[in-house]
Amino acid sequence: MLAAAFADFMQQVVSGFASGGIYAALALALVIIHRSTGVINFSQGEMATLCTYIAWTLTFNHGWSYWPAFVATLVFSFVFGLATHRIVIRPVERGNVLRVVIVTIGLLIAFNGFVVWQWSGEPKALQSPFGTDTIDVGGVVISWQDVGTILVTLGIVVLLWLLFQFTKLGLALRAAAVNPEEARLVGVRVSWMLGLGWGLAAVLGAVAGMLTAPTVGLDPQMMQPILIYAFAAAVLGGIDSPLGAVVGGLALGVLLNLIGVYVDFVGAELKLPVALLVIFVVLIVRPSGIFGRPEVKRV
Amino acid sequence: MTPRQKQLVGFVAFAAFVVVVALLPAFISAFRAQQFAFVGIYLIALLGLNILTGYTGQISLGHGAFMAVGGYTTALLMVGNEQFGQTGALAIEGGMKDVWTIPIAGLVAGLVGLAFGFPALRLSGLYLALATFAVAVATPSAAKRFQEFTGGGSGINLFGVPELTAGLTPVEIFGRELAFNDWLYYLCWTVALVLFAGAWLILRGRTGRAFRAVRDSETAAVSSGVSLARYKILAFGISAAYAGVAGSLYTIAITFVNPDTFPIALSIFLLVGVVVGGLGQLGGLVFGAIFIHFMQIEWAQQMDAVVPDFLPIIGDIDTDTPGAPALAFGAVLILLMFFLPNGVGGIFRRAGQALTSWRYSRGA
């Protein structure tokens, strides 16, 4: 009885980690852009959806198999993110931050419109690269989809960490984000670095989108709830902390799954509000998120 | 211009605007009058949000929630919740006439805003944005969940009490019978113009100066003896009260309220409206309200019915292709931000500056 309950619990935890991995990827995208541009990119979810539609077109209309389409989509999303920054964001970057925020809301509406226009609002099915099989680990039934999702998101996160921490490009990216003026003085092309940040963020979003689509189905609104979770995860972890985004995403995934199942009062209906309430309380205690540093201002 | 002249120009512009608003229904159809009534409602909400975001510098992504508080207050005061099986202390009898519920709705929403202002003191910037956003996200689900109080998913409709709302029984004013649309138009705009003047009065004096000081530099504000806590909470309260009045009028206008009446998108649109209208500006907000109202409805469905009159550029788009209108609106919004960095209000300000420099270059 107890063992069965425990197996049940673990199952919820594992699938929580899988969805948490997706939130983490998108949250990380938000953090990368916030570190460099100082705004929350509201169109991050729609950019991810658009990229996922590209993957769908490649597999469904052109007969590609999943992984080549996956890689091609990542390349596309990088160029897409970079181009979005160069064309739309760069001209408004100076001045009021809210202006940039509104531009990203404009992008959200426009990208959503573009997707509906191109691919119609009907849901599409993106095949899963991991199949529908499950494995049994000591009584805990885990689907390969969940395992694959966790591994792919973790892999991408580790790759990004390596890029940021151990390459010259990564150093330039960090320098441009932390101190643009001085980075420019030592020869970093700051504007391009910010653009690269947008590209990498779009790649992360595309990964999140392609991992989400097989389980929930691909439709133009697919990433909107996930963006809310990602936003919450990023803020929970500390909006400028990549580690915070990952931990926040995973924690939120598990938390959502557990309260949805175990707290009767909550159920499916109140899952999101309760999760947000928890975050609200966390923020009251730690106003800069769990891993965030309080902002120090010079007068 | 000297401040006094500036004030004079402002008065004249406001008076001219009041005249335009008063005469407009004579020239437009009843359907259009109803649409402009909604513009008035959005103007009220935008005024409130601008006090908080534009003047005090606190971003809110959750003003739809305060509108919901106002909307539900009005519906409950009119219809009550005993029909949903609510008993005990939370039972509300209803039976109040619609216009009398408006100030109460504002008051209730204002109190909720004050209460929210306390925890919000700890947060700033994006963290505050998330906290307010959380409230907006939670509100519809909470309204569904506590159905004995709110009528759950189907909400509360006002059809059962036709004698309490002119939306359902014709009103007579000065011996003339007003059609619903005209009545709604004048109700919304009367409230909107009074609150517009109210906002101006609040912002011109000591309080407004304190708000702006908080926005521009918290440290400098504190050093000058401005209490951050007091003015931030006050800004939240006033702002929420405005939103509550807007929500109340919205409910009267559509004669029902349910959890989907005030969705998350509304909160985001309100922020869009404030930025398009002009942060820290009052006059431009009218355009912000027009923008979000027509963007909201026309975005999805009725593109060809209304838009060509107002936005000829995108009126030609083939409306049989779903998604294209949204694409166009997104593009329009982005272009607006490109070319009007300070919103429509920025044009006013620039025109004023041009006038000043012209006067001085003349050697006056």
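Modeller: Residues are numbered from 1 along each chain as written, and chains are lettered from A in the order in which they are written. In this predicted model, local features need pLDDT of at least 70, side-chain atom pairs count only at pLDDT 80 or more, and totals for chains, interfaces and linings use all residues.

Colleague: How many residues does the contact take from chain A and from chain B?

Modeller: Chain A gives 41 residues and chain B gives 35 residues, where contact means C-beta atoms, placed from the backbone, within 7 Å. On the side of chain A that touches chain B, helix 4 of chain A provides the largest share, 15 residues; helices are DSSP runs (H or I) of at least four residues, and strands (E) of at least two, numbered from the N terminus.

Colleague: What makes strand 1 and strand 2 of chain A a pair?

Modeller: Pairing requires at least two DSSP bridges, and four join strand 1 (residues 134–137) of chain A to strand 2 (residues 140–143) of chain A, which run antiparallel. One bridge links Val137(A) with Val140(A). The two strands form a hairpin with two residues between them, and Gly138(A) in the turn has a positive phi of about 55°.

Colleague: Which elements do the buried residues of helix 11 of chain A pack against?

Modeller: They pack against helix 9 and helix 10 (242–262) of chain A together with helix 5 (125–145) of chain B.

Conventions
Contact = placed C-beta atoms within 7 Å.
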